[in-house]
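Colleague: I have a new model on the screen. Please walk me through how to read it.

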Amino acid sequence: MTGPGIVRRTLVVDGVRTSYLEAGEGTPLLLLHGGEFGGGAEVCWEHVIPGLAEHHRVVAPDLLGFGETDKLIDFVDGKSRRLAHLGAFCQLLDLRDMIVVGNSMGGMLALLDAARERPVVPAAGIVSLTGGGRLSSNEHTDALFEYDGSLEGMRRIVQALFADPSWPADTGYVQRRHALSLTPGAWEAIAAARFRRPVLDGELAVSRTGSGIDYAAIAVPTLMVAGAEDKIKPAGWADEVCALIPDSRQAVVPAAGHCPQIEAPKTTLPLILEFAAKSR
């Protein structure tokens, strides 16, 4: 990623080559990207990193299996594996008491960790951009889960992520995400996360509010951000989640789908900055 003061670094975390973007100075923001095929730190956060870095130290890792980070396959508990890796990553970079901002899967991971008895990511607050809660069951969620590696399959993913039809119509953008999805090992690592094994006795099943997260146990301030035209979230999903998190509120980004920080950065950026300022 190019840009004033934005650098890509590499760090070995528990033997895993981990790539991340870093910019700015000040209180830290940890940005966690979504889990769609073709996702990664740069494509997820490129439109808001410059504005965030004017006020904060911004760290945006490629999560396990994505971008330039090593491709690990975990069929058992990929969420916990990614969180353990993130915890070790934060320790190595001395990231503490930070605001964690996650899109889609990234938001879900932040909420899941915060709900645990011993969180491994030291969050002082969470901004979840369309992460957590339920998914719709329609052709758009099918596009996310049934990607076949083709260019047209990626176009369907882009169509699912964005409200504005100009995004899937932009062949250059679709090709960019398509190339990311075909990085050696990326398809296998991300497909493994879609694997669902039977729930064992004593485990917390996935509830109607999604992901088996005990939202009532989240003790940090939380902002849930919904896209007004999100194609893969049902109406009212953010209301359901906020009703369970003690210190939470929500915001809706007009004319945006599942990635408001990409589709409507001028609206999303102030929401993140205002929340971060009030949560310190």
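Modeller: Begin with burial. Of the 280 residues in the protein, 55% are buried. Keep in mind that this is a predicted model.

Colleague: How many helices and strands does the protein have?

Modeller: The secondary structure comes to 12 helices and 8 strands. Sequence separation is the next thing to read. Take the contacts in the protein with a separation of 6 or more: residues 24 or more positions apart account for 75% of them.

Colleague: Now the core. What is the general idea?

Modeller: In soluble globular proteins, nonpolar side chains tend to be buried together. Here the largest nonpolar core has 54 residues. Those with the most contacts inside it are L30, F89, L95, L111, V121, F162 and I218.

Colleague: Which elements give two or more residues to this core?

Modeller: The strands are β3 (28-32), β5 (98-103) and β7 (222-227). The helices are α3 (78-92), α4 (105-114), α6 (151-161), α8 (171-181) and α10 (237-242). The most comes from α4, with 7 residues. A further core of 30 residues lies apart from this one, and V127, V225, L269 and L271 are among its members.

Colleague: What is F89 in contact with, leaving aside its neighbours within four places in sequence?

Modeller: F89 contacts L11, V13, T18, Y20, L30, V59, P61 and L95. Of these, L30 and L95 are also listed among the core residues with the most contacts.

Colleague: Back to α4. How many of its residues are buried?

Modeller: The helix α4 is mostly covered, with 10 of its 10 residues buried. Among them are M105, M108, L109, L111 and L112, along with D113.

Colleague: How do I read a helix with a buried side?

Modeller: An α-helix has 3.6 residues a turn, so residues three or four places apart point the same way. Now look at α8. Its buried residues are Y173, V174, R177, H178 and S181. They cover an arc of only 135° around the axis, so they sit on the same side of α8.

Colleague: What happens at the start of α8?

Modeller: A side-chain oxygen of D170 reaches to within 3.1 Å of the backbone nitrogen of G172 there.

Colleague: And how do I read a helix pair? At what angle do α6 and α8 cross?

Modeller: Look at distance and angle together. The axes of α6 and α8 come within 9 Å and cross at roughly 110°. That makes α6 roughly perpendicular to α8. From α6, the residues that meet α8 are L151, M154, R155, V158 and L161. On the α8 side they meet T171, Y173, V174, Q175, R177, H178 and S181.

Colleague: R177 is in the buried set of α8. Which side chain makes a polar contact with the side chain of R177?

Modeller: That is E36, at 2.9 Å. E36 sits in the loop between β3 and α1. Its relative accessibility is 6%, so E36 counts as buried. A second pair joins the side chains of E46 and R176, at 2.8 Å. E46 lies in the loop between α1 (41-45) and α2 (49-53). The cut-off for buried is under 20%, so E46, at 18% relative accessibility, counts as buried.

How values were computed:
Residues numbered from 1 in each chain as written. Predicted model: local features only at pLDDT ≥ 70, side-chain atom pairs only at ≥ 80, totals over all residues. Heavy atoms only, no water. Core = buried A, V, L, I, M, F, W, Y, C linked by side-chain atoms within 4.5 Å. Buried < 20%, exposed > 50% of the residue type's maximum accessible area, 1.4 Å probe, protein only. Helix = DSSP H or I, 4+ residues; strand = E, 2+ residues; numbered from the N terminus. Contact = heavy atoms within 4.5 Å. Arc of directions from axis to C-beta. Polar contact = N/O pair within 3.5 Å; in protein donor to acceptor, adjacent residues only side chain to side chain. Axes fitted to C-alpha atoms, helices over the stretch in contact; angles between N-to-C directions. Parallel < 35°, antiparallel > 145°, perpendicular 65-115°, else oblique.
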